[in-house]
Amino acid sequence: MANRVEQIELLAVGPDVERVTWSAMLGEMYEALLIARLTLSDGTEGIAGLTAYTEHEFDRTGFHAASLMAPFVLGKDVMDIPQIYADMRARYVPLGHLATSLFDIALHDAKGKLLGLPVYQLLGAARDKIRAYASSPLLPDDDDYVAYCKEMLAQGFTAIKVHPYCRFEDDYRLVTRLQTEFDGIPIGWSLDADANYTVEQALRMGRLLDTAGWEFFEAPIPDSDLRGYKRLADSLDVDVICGGNSLPNLHLIDLALSMGAWDRSRFDVTGMGGFTGANAGMAMTRAHGMKCEVQSWGYTLTQAANLHLMLAHDNCDYFEQAAPYEKYEFGARRVIRPDAEGYVRPSGLPGLGIEMDWEALAPFIYDSRVFKA
């Protein structure tokens, strides 16, 4: 008997939490949580949430895109996800990749609950834990970065991503300082320049990262500059990877990997078409013999979706844990934190394995819509 989507509730939530940024070129971020809550014929709920990052005010574009897509999901059988996905992809909806992702994830959550299985087990279950790296916000000065790294190591992290000032000379000084301060300590280091360098600056920074043995160099230049990335990848030992947000397209990822522009792929399941699209991205990356460093910055629902994707595959090294992480746990009864050895694991519950505190979210909802079949 078909179990259809009888109701869709969309929520745009603007949590009143500390605002951070990851570049001196940007202002403080208003990080919205956009939630899809599906109710099936038998009362089963499927939920998903994407984190939207904007300056000045909370995002409304992703919410509106989901509102335009919702009628194409109503009445559909939750067991027919591939066809629902194909139908969503064919629709003329602005930011359709975000709306498709949100509903595809919620459908997988509902399907997992119906079958009594965590999503990663639905998708393949390559493992049940993954190493986390602490992903820093922008910090005031070099001393604060040193203190941050020491604190993250004390918490059990064995890998750290630095979001630096994104001003080349200052960043070069910072990386040199970190290399000196933590010399001899085995740390999985990475640097995210948020596309703020020229190719020549990126080459110079990359050579410094090579001497220090850093693992990957993220977004030194805009994702679309594939020729520039090709030059960097050919010249440097450190793995050069894209930022992952501006080209969430299988054909473009395939092109970049085919020409050797990126040493690893990168994307977020909440922007890649949900689990259906992201699974294809992981498979494509594997076909090229490469890893995918999946992005998982954001609120717990966003983190959980990406975690399940990582656990379903074995060609991803790290879970990105935005730290400090308390602000991203807003509204979640179950959260994701690394253990004493620096690994994160799923909750063991079916679906995404996340339970939300709807009453805690309610005062911060700035837009909502309900669709009924």
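## A proline in a loop

P324 is found in the loop between β11 and β12 (343-344). Helices and strands here are DSSP runs numbered from the N terminus, with helices (H or I) of at least four residues and strands (E) of at least two. The peptide bond that leads from A323 into P324 is cis, and its omega is near 5°. Most residues other than glycine have a negative phi, and most peptide bonds are trans.

Before we go on, note that this is a predicted model, in which local features need pLDDT of at least 70 and side-chain atom pairs count only at pLDDT 80 or more, while totals for chains, interfaces and linings use all residues. Residues are numbered from 1 along each chain as its sequence is written, and side-chain values use heavy atoms, with hydrogens and water left out.

## Two positive phi angles

Which residues other than glycine have a positive phi? One of them is L95, with phi near 55°. L95 sits in the loop between α2 (81-89) and α3. L95 is partly exposed, with a relative accessible area of 35%; buried means under 20%, exposed over 50%, and partly exposed in between, using a 1.4 Å probe and protein chains only.

A125 also has a positive phi, near 50°. Look for A125 in the loop between α4 (119-123) and β4 (130-135). The relative accessible area of A125 is 35%, so A125 is partly exposed.

## Salt bridges

How many salt bridges does the structure hold? There are 28 salt bridges, each a side-chain nitrogen of Lys or Arg within 4 Å of a carboxyl oxygen of Asp or Glu. One of them joins K161 and E320, whose closest N and O atoms are 3.2 Å apart. K161 belongs to strand β5 (residues 159-162) and E320 to strand β11 (residues 318-322), so this pair ties together parts that are 159 residues apart in sequence. K161 is buried, with a relative accessible area of 0%, and E320 is buried too, at 2%.

R173 and D170 form another salt bridge, with 2.9 Å between the closest N and O atoms. The two residues are 3 apart in helix α6 (residues 168-181), so about one helical turn separates R173 and D170. R173 is partly exposed, with a relative accessible area of 39%. D339 and R345 make a salt bridge as well, their closest N and O atoms being 3.4 Å apart. Both residues are partly exposed: D339 has a relative accessible area of 23% and R345 one of 41%. Elsewhere, salt bridges with shared partners join D239, R264, K291, E293 and D317 into one network.

## The largest pocket

Rolling a probe the size of a water molecule over the atoms shows where empty space is left. The largest pocket holds about 720 Å³ of space. Cavities and pockets are found on a 1 Å grid over the protein atoms alone: a cavity is a set of points where a 1.4 Å probe fits but cannot get out, a pocket is an open set with protein on both sides within 12 Å along at least five of seven lines, and lining residues have an atom within 4 Å of a point. Grid points are joined across faces, edges and corners, and a volume is the space filled by probe spheres set on the points.

Which residues lie nearest the centre of the largest pocket? They are W22, Y53, N245, S246 and Q295, out of 34 lining residues. The elements that give two or more residues to this lining are β3 (45-55), α1 (61-69) and α3, and β3 gives the most, with 5 residues. By class, the lining of the largest pocket has 11 nonpolar, 14 polar and 9 charged residues. Ala, Val, Leu, Ile, Met, Phe, Trp, Tyr, Cys and Pro count as nonpolar, Asp, Glu, Lys and Arg as charged, and the others, Gly among them, as polar.

## An enclosed cavity

A search of the whole structure finds 1 cavity of 30 Å³ or more. The volume of the largest cavity is about 40 Å³. Residues that line the largest cavity include P15, V17, E18, R19 and Y299. This lining has 6 nonpolar and 4 charged residues, and no polar ones.
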